[in-house]
Amino acid sequence: MRILVTGGAGFIGSWVAEILLEYGHYVVIVDNLSNGLKSNIPSGAKFYKLDILSDEIDKLFASERFDVVNHHAARIDLFSSKANPDEDIRVNLTGTINLLKHSVKHGVRRFVFASSGGAIYNPEFGLPSKEEYEYAPPSPYGINKLAAEKYILYFNREYGLGYTILRYSHVYGPRQGLSFESGVVSIFARAMLKNDNVVIFGDGTQTRDFVYVEDIARVNRVATEGNFNGTFNISSSKGTTINELFYILKELTGYSKQPIYAPERQGEIKHSVLNNEKAKMMLGFEPKYSLEEGLKKTVEYFRRWLK
């Protein structure tokens with residue numbers, strides 16, 4: 001298949017592009033390199049340095065004749081979306097709509113969308129969150145991801161565009177954080193390996209559902225190659241506290257210091273765990289890596305990178 005991966009120079013997108021290439025697909029990457037790194041682009045992918053709202057997108061679709069669009073380009077910071085909601089709308093909502101319009105215009109068969117479970121669900125409705133649970137996005141980022149999902153459903157009803165929406169939990173792994181896409185795992189791991197102080201905001205009892213990036217890439221291949229119209233949580237279905245994460249990484253890195261606790265950040269979600277039963281049943285998704293296995297591979301990567 002001929003596949004467009006937007007954001008393919010970024011953390012998750014580069015892993016997705018890599019596995020699609022391994023399975024023999026023709027892969028085109030579009031990335032404006034505002035967050036991505038050219039060094040992340042896998043060998044064999046065709047690269048265009050473009051913004052997803054560029055006028056050149058129409059020419060790209062016309063010349064490359066994509067079968068599937070796998071859309072990972074996004075602004076991903078919840079806190080910056082609050083500071084600059086207009087830019088979040090421009091990239092995460094208007095950019096997605098632009099790709100949907102060109103997909104329909106140029107005969108794309110399927111649209112795979114990287115969404116966010118942690119930024120959309122209301123945890124008070126029950127954990128782990130299921131796809132049908134109540135929504136309560138606490139930030140413009142979550143609001144725009146949810147709005148983009150609604151537009152995808154509209155384009156499916158109106159034009160017959162196939163779709164798969166993947167709502168990720170907290171993704172971590174190699175390449176994270178090297179291009180401003182930092183998450184707590186990469187922040188902690190690099191700080192520990194450099195023997196810097198590690199700061200935990202709040203009391204550390206907040207929970208996150210960690211899923212290794214290679215597992216994310218594998219389910220993207222299934223969604224891209226398949227014919228699954230639906231919305232799916234992609235997660236471990238297990239909650240891990242930030243304190244627990246700290247001590248696992250402390251042991252893996254040989255870190256000797258204790259964490260420094262700072263006031264919790266206003267607007268941060270206290271608990272986020274996603275139910276992945278639907279993805280297991282329909283996509284055959286099963287995380288291959290336990291948290292300890294994934295963290296070990298991540299620490300090994302950052303240890304090499306910091307040398």
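Let's start with helix α2, residues 56-64, where I57, L60, F61 and E64 are buried. Buried here means under 20% relative accessible area, exposed means over 50%, and partly exposed is in between, with a 1.4 Å probe and protein chains only. Those four residues cover an arc of only 95° around the axis, so they sit on the same side of α2. The arc is taken from the directions from the helix axis to the C-beta atoms. An α-helix has 3.6 residues a turn, so residues three or four places apart point the same way.

Some ground rules. This is a predicted model, in which local features need pLDDT of at least 70 and side-chain atom pairs count only at pLDDT 80 or more, while totals for chains, interfaces and linings use all residues. Residues are numbered from 1 along each chain as its sequence is written, and side-chain values use heavy atoms, with hydrogens and water left out. Helices (H or I, at least four residues) and strands (E, at least two) are DSSP runs, numbered from the N terminus.

What covers the buried residues of α2? The cover includes β1, β2 (26-30), β3 (46-48), β4 and α4 (85-105). Contact means heavy atoms within 4.5 Å.

Now β4, residues 68-71. Both of its faces are covered. V68 and N70 are buried on one side, V69 and H71 on the other. In a regular strand the side chains alternate between the two faces of the sheet.

Which strands pair with β4? Strand β1, residues 2-6, runs parallel to β4 and is joined to it by four bridges. Strand β5, residues 110-116, also runs parallel to β4, again with four bridges. Two strands pair if DSSP finds at least two bridges between them. For landmarks, T6 stands opposite H71 in β4. On the other pairing, V68 has R110 in β5 as its bridge partner.

Next, backbone geometry. Most residues other than glycine have a negative phi, and most peptide bonds are trans. L33 has a positive phi near 65° and is not a glycine. L33 sits in the loop between β2 and β3 and is partly exposed at 26% relative accessible area. S237 also has a positive phi, about 65°, and is not a glycine. Its place is the loop between β11 (230-234) and β12 (240-241). S237 is partly exposed, at 27%. Then there is a cis peptide bond between L127 and P128, with omega about -5°. P128 is in the loop between β5 and α5.

V104, Y151, Y154 and Y159 make a nonpolar patch of about 350 Å². Patches use residues with over 30% relative accessible area and no salt bridge, joining like charges within 9 Å and nonpolar side chains (Val, Leu, Ile, Met, Phe, Trp, Tyr) within 5 Å. Accessible areas come from the Shrake-Rupley method with a 1.4 Å probe, and for residues only the protein chains shown count as cover. Helix α5, residues 140-159, gives the most to this patch, with three residues. Y154 lies in α5 and is partly exposed, at 32%.

F201 is in strand β8, residues 199-201. F201 is partly exposed, at 31% relative accessibility. Beyond its neighbours within four places in sequence, F201 contacts Q206, A262, P263, E264 and R265.

Last topic, salt bridges. How many does the structure hold? There are 14, counting a side-chain nitrogen of Lys or Arg within 4 Å of a carboxyl oxygen of Asp or Glu. One of them joins D203 and K270, at 3.3 Å, N to O. D203 is in the loop between β8 and β9 (207-208) and K270 in the loop between β13 (260-262) and α9 (277-283), so this pair ties together parts 67 residues apart in sequence. D203 is partly exposed at 43%, and K270 is partly exposed at 35%.

K280 takes part in two of the pairs I'll show. With E277 the distance is 3.9 Å, N to O. E277 and K280 both lie in helix α9, three residues apart, about one turn. With E286, K280 meets at 3.6 Å, N to O. E277 is partly exposed at 47%, K280 at 29% and E286 at 46%.

Back to α2 to finish. R2, K46 and E64 are linked in a network of salt bridges. E64 is one of the buried residues of α2.
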